[in-house]
Every structure is written in structure tokens, then in C-alpha cells.
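This report goes through a protein model part by part. Please look at the sequence and the structure before reading on.

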Amino acid sequence: MIEIKRLGVGDGAEVRRAEHLFDDLRAAAIRGFLVSSTDHLLIAYLDGEPAGALIAHELSRLDGPPNMMLYSIDTGEAFRRRGVARALIEAVKP
């Protein structure tokens, strides 16, 4: 079963636990991202292991509610073709 967690303030250890899903992590960047109310980081866990990550940004609009822009989605090689990316996309929808 796939479990999705939306990370926020205090979840830096979870980001580092999923480090294999990112190119280059820096502690200051992680902290800044997790405190932002318009930046979203979701991690998918499969069998308790970080299997995928999704980064999205809320974009303000003048003519309606904000849009969610999917910036990045990654699935660990061992977890591909198991519905991880689809579950992340469904979880980030407003």
C-alpha cells in the first residue's frame, strides 16, 4: 500500500531519508522550502520506504483561486510501475 505524506516544518529528517530521490540537497534549502506555504513537497512510501517525491508550487492568479504547478515528480528505480507517481499526483490535487 502506498502512503503519501505532505511534508512541512520539522520534517527535514524525512527529506534526508528520501535523499536518493533528489539530485542535490542542502540543509538551508530544505528548511526554507518546508516553511513555505506555497511550496509543497510530498513523499510516497511503499512498504515503509521512501519511493517517490513530488514538488509543486501554488501560483497566485488575479482572476480566481491559485493554480498548482507540478514542478517535479520522481520515483525511485526499484518502485517504478507500481502506481507511486499516480498516487502523488492524486494527493496534490486541490
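## Terms and model

Helices and strands are DSSP runs, numbered from the N terminus; a helix (H or I) has at least four residues and a strand (E) at least two. The model is predicted.

## The sheet

Strands of a sheet pair through backbone hydrogen bonds, either parallel or antiparallel. Here four strands form an open sheet in the order β1-β2-β3-β4, and the pairing is antiparallel. β1 and β4 stand at the edges with a single partner strand each, so one side of each has no neighbour in the sheet. On average, and with direction ignored, neighbouring strands are turned by 20 degrees against each other.

The pairing of β1 with β2 runs over six bridges, in the antiparallel sense. In this model R6 stands opposite L42, a residue of β2.

## Helix α2

Helix α2, made of residues 27–35, packs on the sheet and touches β1, β2 and β3. The direction of α2 makes about 105 degrees with that of β2.

Which residues of α2 are buried? They are I30, F33 and L34. These residues cover an arc of only 95 degrees around the axis, which puts them on the same side of α2. The buried residues of α2 pack against β1, β2 and β3, and also against α1, which spans residues 12–17. On the other side of α2, the residues A28, R31 and V35 are exposed.

## Helix α3

Helix α3 covers residues 84–92, and its buried residues are V84, L88 and V92. Viewed down the axis of α3, they fall within an arc of 65 degrees, so they line one face of the helix.

What covers the buried residues of α3? The cover includes β1 (2–7), β2 (39–46), β3 (49–59) and β4 (67–75). The helix α3 lies across these four strands, β1, β2, β3 and β4, and runs at about 35 degrees to β3.

## The largest pocket

Rolling a probe the size of a water molecule over the atoms shows where empty space is left. In this model the largest pocket has a volume of about 460 Å³. It is lined by 18 residues, of which F22, D23, D24, L25 and I55 are the closest to its centre.

Where does the largest share of the lining come from? It comes from β4, with four residues. Both α2 and β4 supply at least two residues each to the lining of the largest pocket.

## Two loop residues with positive phi

D47 is found in the loop between β2 and β3. Phi of D47 is near 55 degrees, a positive value in a residue other than glycine. Is D47 buried or exposed? A residue counts as exposed when its relative accessible area is over 50%. The relative accessibility of D47 is 62%, so D47 counts as exposed.

R81 sits in the loop between β4 and α3. R81 is not a glycine, yet its phi is positive, at about 65 degrees. With 86% relative accessibility, R81 counts as exposed.

Technical notes
Residues are numbered from 1 along each chain as its sequence is written. This is a predicted model: local features need pLDDT of at least 70, side-chain atom pairs count only at pLDDT 80 or more; totals for chains, interfaces and linings use all residues. Side-chain values use heavy atoms; hydrogens and water are left out. Buried means under 20% relative accessible area, exposed over 50%, partly exposed in between (1.4 Å probe, protein chains only). The arc is that of the directions from the helix axis to the C-beta atoms. Contact means heavy atoms within 4.5 Å. Two strands pair if DSSP finds at least two bridges between them. Axes are lines fitted to C-alpha atoms, for helices over the stretch in contact, and angles run from 0 to 180 degrees between N-to-C directions. On a 1 Å grid over the protein atoms alone, a cavity is a set of points where a 1.4 Å probe fits but cannot get out, and a pocket is an open set with protein on both sides within 12 Å along at least five of seven lines; lining residues have an atom within 4 Å of a point. Grid points are joined across faces, edges and corners, and a volume is the space filled by probe spheres set on the points.
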